[in-house]
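Dear colleague,

Please find below the structure that I am handing over to you. My notes on it follow directly after.

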Amino acid sequence: MGTPLSHARAILILSLVLLAAIVLAVAAGATPISWRAFFDGDATMRAIVLRIRLPRVIAGALIGATLAVAGVTFQTLLRNPLADPFILGVSGGAACGAAVASAFGLARVPGLVPVIAFAGACGATAAVFLLARRRGRSDATRLLLSGLVLNALFSALILIAFGLAPANDVNAALRWMIGTLSGATWNDALLLAVLFVAAMIVLVFIANDLRLLVFGEDDARARGVDVERIKLLGFGAASIITGAAVAVAGIIGFVGLLVPHLVRMMWRRDFRFLLPLCALAGGSLLVVSDLVSRVVIAPVELPVGAFTAILGVPFFLSVLRRER
Amino acid sequence: MFAVGAGDQLVATDDYSDSPPAAKRLPKVGGVQPSLERIVAAKPNRVLAPSSANYTSLAAALKANGIPLEIIRTDRVNEIPTVMQHVGDELNAPRTRDAVDAVKNGLARETRKRAKPPRILFVAWPDPLYVGGRETFVDDLYAICGAQNAVQVKAWPQYAIESVIASPPDIVLYTQHLDVAPLLRAAPELKAHAMLVTVNENHFTRPGPHVVDAAAELNRIIDQWERR
């Protein structure tokens, strides 16, 4: 397994990749940027770079990082490689909140639907956690099953909400179903950054205990890990940041599930190193996907979720092939 | 149907049909997914549906019940009188000719040539931004009223906000129920550079005989912009 030097090298490489992705994504877009005009104080150039692109790119990096970190946390907690924020119903809860709120006309109240989406994500996690609890313990299989069942319920509620809602209000909910970084503001980026940093502090703090969970809950308990407390902290932190990510950008698939696997296959590190590596790789993937989605037939923008898959799947398959 | 004088031949409508007032009083058969049972129960000889909806399975189900489904295509302005003529002829509607002439003459009356055509942005949805592009109903209205579309893209795509900032339109149109606050937060330039106007949803998003009202409304808006 890796040496500290190769850990540092992996983090350095991925940091450079993310930095390059951010620079590229700020420089390129539907409108050609004249940097000379930008530095001469041209209002239009400054508005496009500083108010449209930069917050969108930063929010994208944070959302990608959030989804990948949440994914690796759920996978480690549940010791299940298929766990991700979507399978556990977290994003389904957010989308359901947004859809039902829209069906009741609440989308016409400015700023309310993101809050409800966030509440939906957190509510879904709490529900999954409570459903899976038996005799004071939550079993990993029960957690995953509860997530699957709740997802089915959310899908049903979303369909009913769409059936009841007037056509215009359905459109409001679609924003959360399709997933887009369009319109991301500095406030969004700031909110995501604060929550992300807070969640990372919690996760780094419990990283060593989470690592021990790999050997099984009983084994971890025998080594003195307070498994229930670790689960609560891990789930809580990962769910809150996922809720915020979904509230800003809607459902963006693939990142949470496959980035952790990609990172594990390339570097095979324990949880402590997976965290920063996943954050950097997830951020890079979403920034590049969003860039491609808005330049490929600019000024038309395409759904970013399609490109996380289109860019990620071939890369994933090539790594998978090399692994064998 | 009402315009050509065939309103009395209607036995039911979808949930959205609210104009003229008499349409509201008819039995309703549902919205995006109309109820096959209710349609069959209303015993129509034929069912008319807009091309904007996707009724593949409904068409097959109606056919099995011996009811033909006819798709009405009014995505563009010039299709409206053609469709009215066609429907009116098929139903032997008494006011077909008058109604078709009213639309044609009305549009001719509203046709303008303007020295400086304003560039108009139609916001179909504000967040994420969807716009009315070229080769659409609103684009046809711009041509009639002597205006230009502010965007080059076709149809109704999601659109880059930065492109709107880079070349702001003169007029921004959106229907009365939309909350454009998120768009204006992202692009406050629109408030400074463009005239923001709400338009009648029925006239601008449901192509039909109201197209003349839509053109008149748009001309009033552009006249107001010219006087600024």
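Two residues are counted as in contact if their C-beta atoms, placed from the backbone, lie within 7 Å. Please bear in mind that this is a predicted model.

Helix α8 itself runs over residues 186-205 of chain A. Its 20 residues reach 28 Å from the first C-alpha to the last, close to the 28 Å expected at 1.5 Å a residue.

Which residues of α8(A) are buried? They are Asp188(A), Ala189(A), Leu192(A), Phe196(A), Ala199(A) and Leu203(A). These residues lie on the same side of α8(A) because they cover an arc of only 105 degrees around the axis. In general, an α-helix has 3.6 residues a turn, so residues three or four places apart point the same way. The other side of α8(A) carries the exposed residues Asn187(A), Val194(A), Val197(A), Ile201(A) and Phe205(A).

I turn now to chain B, which is divided into domain 1 (7-109) and domain 2 (119-227). The centres of these two domains, taken over C-alpha atoms, are separated by 27 Å. Eleven residues of domain 1 of chain B are in contact with eleven residues of domain 2 of chain B. On the domain 1 side, α4 (79-91) and α5 (96-110) of chain B each supply at least two of the touching residues. The largest share, four residues, comes from α5(B). By class, this side of domain 1 of chain B has six nonpolar, three polar and two charged residues.

With kind regards

Notes
Residues are numbered from 1 along each chain as its sequence is written. Chains are lettered from A and ligands numbered from 1 in the order in which they are written. This is a predicted model: local features need pLDDT of at least 70, side-chain atom pairs count only at pLDDT 80 or more; totals for chains, interfaces and linings use all residues. Domain bounds come from an automatic or database domain assignment. Ala, Val, Leu, Ile, Met, Phe, Trp, Tyr, Cys and Pro count as nonpolar, Asp, Glu, Lys and Arg as charged, and the others, Gly among them, as polar. The expected span of a helix is 1.5 Å times one less than its number of residues. A residue is buried if 20 or more other C-beta atoms lie within 10 Å of its own, exposed if 12 or fewer, and partly exposed in between; C-beta atoms are placed from the backbone. The arc is that of the directions from the helix axis to the C-beta atoms.
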